[in-house]
Amino acid sequence: MRFPSAVRQAGLVVAVAALALTAGCAKKDDSEVQASGVKLVAAGKLTVCTHLPYPPFQSKDASGKVTGFDVEIMDLVAKELSVEQTIVDTPFEGIKSGQDLNTGKCDAAAAGMTITEERRKVLDFSDPYFDATQAMLVKTGKTYKSLDDLRGKKLGVQAATTGRDYAKKLEAEKGLKLVEFEDLAALQQAVANGQVEAAINDLPVWTEYLKKNPGGFEVAAEFDTGEKYGFPVKKDANPELLKKINEVLAKAKADGTYNTIYEKWIGKRPSA
């Protein structure tokens with residue numbers, strides 16, 4: 001049966017409006033999935049951004065599964081929310097700038113990330129969960145014991161890290177020749193093949209590297225920069241998730257779970 005043109009047009013308008021309304025509702029539901037009162041970007045998942053590899057905080061094991069200190073801490077958060085943790089490997093710059101959180105790539109980040117005032121401008125951080133110290137790695141047999149010994153020499157640093165920032169501040173004073181690498185694996189390889197004379201990064205990272213490469217390298221110097229790690233979430237957007245992370249950290253430290261995870265991945269915890 002045919003209908004008059006005006007009737008057909010009216011029906012088309014109603015159908016289009018209904019479709020738009022349905023699509024709009026679906027988009028809203030997908031973008032703000034709730035878990036225990038916490039907004040998540042995907043149903044049934046705590047999506048966490050990181051930058052691999054960065055052992056012992058996060059790296060892939062022989063089976064390809066991402067494991068590490070940060071991973072186990074965030075697993076506790078996921079369990080509290082009754083969801084599973086999903087890990088997204090992404091360049092560190094996207095985490096540091098807040099872009100990955102702002103665009104909904106992840107709910108939080110866990111990347112051995114130091115809390116700084118500059119980063120606080122674009123990210124909300126959890127309570128500190130790890131005290132970090134910078135250190136200088138060299139090949140065994142090298143005589144370098146301080147940055148002063150590297151005057152005119154190449155020093156490797158990892159891009160977008162506080163280790164890089166620390167070295168940059170002393171670059172002119174110490175006469176350093178900084179060489180930046182995108183990730184930790186490339187930085188480690190540069191020390192191993194002599195592309196650089198030494199490299200700066202977090203002490204636990206070098207400690208883990210020494211375990212896997214005994215006899216070939218040594219930590220020549222440590223620099224107490226007073227750094228502390230935190231888990232970032234989107235700025236001014238997810239206070240309930242931030243609250244939940246802090247609650248989980250406090251509980252884990254109180255009941256001994258934190259110490260167990262620390263000793264598994266880092267070693268004996270320093271006395272307070």
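This briefing covers the pocket, cavities, core, disulfide and backbone features of one predicted model. Local features need pLDDT of at least 70, side-chain atom pairs count only at pLDDT 80 or more, and totals for chains, interfaces and linings use all residues. Residues are numbered from 1 along each chain as its sequence is written, and side-chain values use heavy atoms, with hydrogens and water left out. The largest pocket has a volume of about 460 Å³. Domain 1 (32–129 + 230–266) and domain 2 (133–227) both contribute to its lining, so the pocket lies between them. Domain bounds come from an automatic or database domain assignment.

**Largest pocket**

- A pocket is an open set of points on a 1 Å grid over the protein atoms alone, with protein on both sides within 12 Å along at least five of seven lines; lining residues have an atom within 4 Å of a point.
- Grid points are joined across faces, edges and corners, and a volume is the space filled by probe spheres set on the points.
- The lining has 20 residues, and Phe130, Asp131, Ala132, Tyr262 and Pro270 lie nearest the pocket centre.
- Strand 9 (130–139), helix 8 (203–212), strand 13 (217–229) and helix 10 (257–265) each supply at least two lining residues. Helices (H or I, at least four residues) and strands (E, at least two) are DSSP runs, numbered from the N terminus.
- Strand 9 gives the most, with 4 residues.
- By class, the pocket lining has 11 nonpolar, 4 polar and 5 charged residues. Ala, Val, Leu, Ile, Met, Phe, Trp, Tyr, Cys and Pro count as nonpolar, Asp, Glu, Lys and Arg as charged, and the others, Gly among them, as polar.

**Cavities**

- A cavity is a set of grid points where a 1.4 Å probe fits but cannot get out. The model has 2 cavities of 30 Å³ or more.
- The largest cavity has a volume of about 110 Å³. Its lining has 14 residues, with Tyr54, Phe92, Ala111, Gly112 and Thr161 nearest the centre.
- That lining divides into 5 nonpolar, 7 polar and 2 charged residues. Domain 1 and domain 2 each supply at least three of its residues.
- The second largest cavity holds about 40 Å³. Val48, Thr50, Gln58, Asp70, Val71, Gln85, Ile87 and Ala110 line it.

**Disulfide**

- There is 1 disulfide, defined as a pair of cysteine sulfur atoms within 2.5 Å.
- Cys49 is joined to Cys106, S to S 2.3 Å. Cys49 is in strand 3 and Cys106 in the loop between helix 4 (99–102) and strand 7 (108–109), 57 residues apart.
- The link is left-handed, with -105 degrees about the S-S bond.
- Both cysteines are buried. Buried means under 20% relative accessible area, exposed over 50%, partly exposed in between (1.4 Å probe, protein chains only).

**Backbone**

- The Leu52 to Pro53 peptide bond is cis, with omega near -5 degrees.
- Pro55 and Pro56 are also joined by a cis peptide bond, with omega about 10 degrees.
- Ser82, not a glycine, has a positive phi of about 60 degrees. Ser82 is exposed, at 64% relative accessible area.
- Ala160 has a positive phi of about 70 degrees. Ala160 is buried, at 11%.
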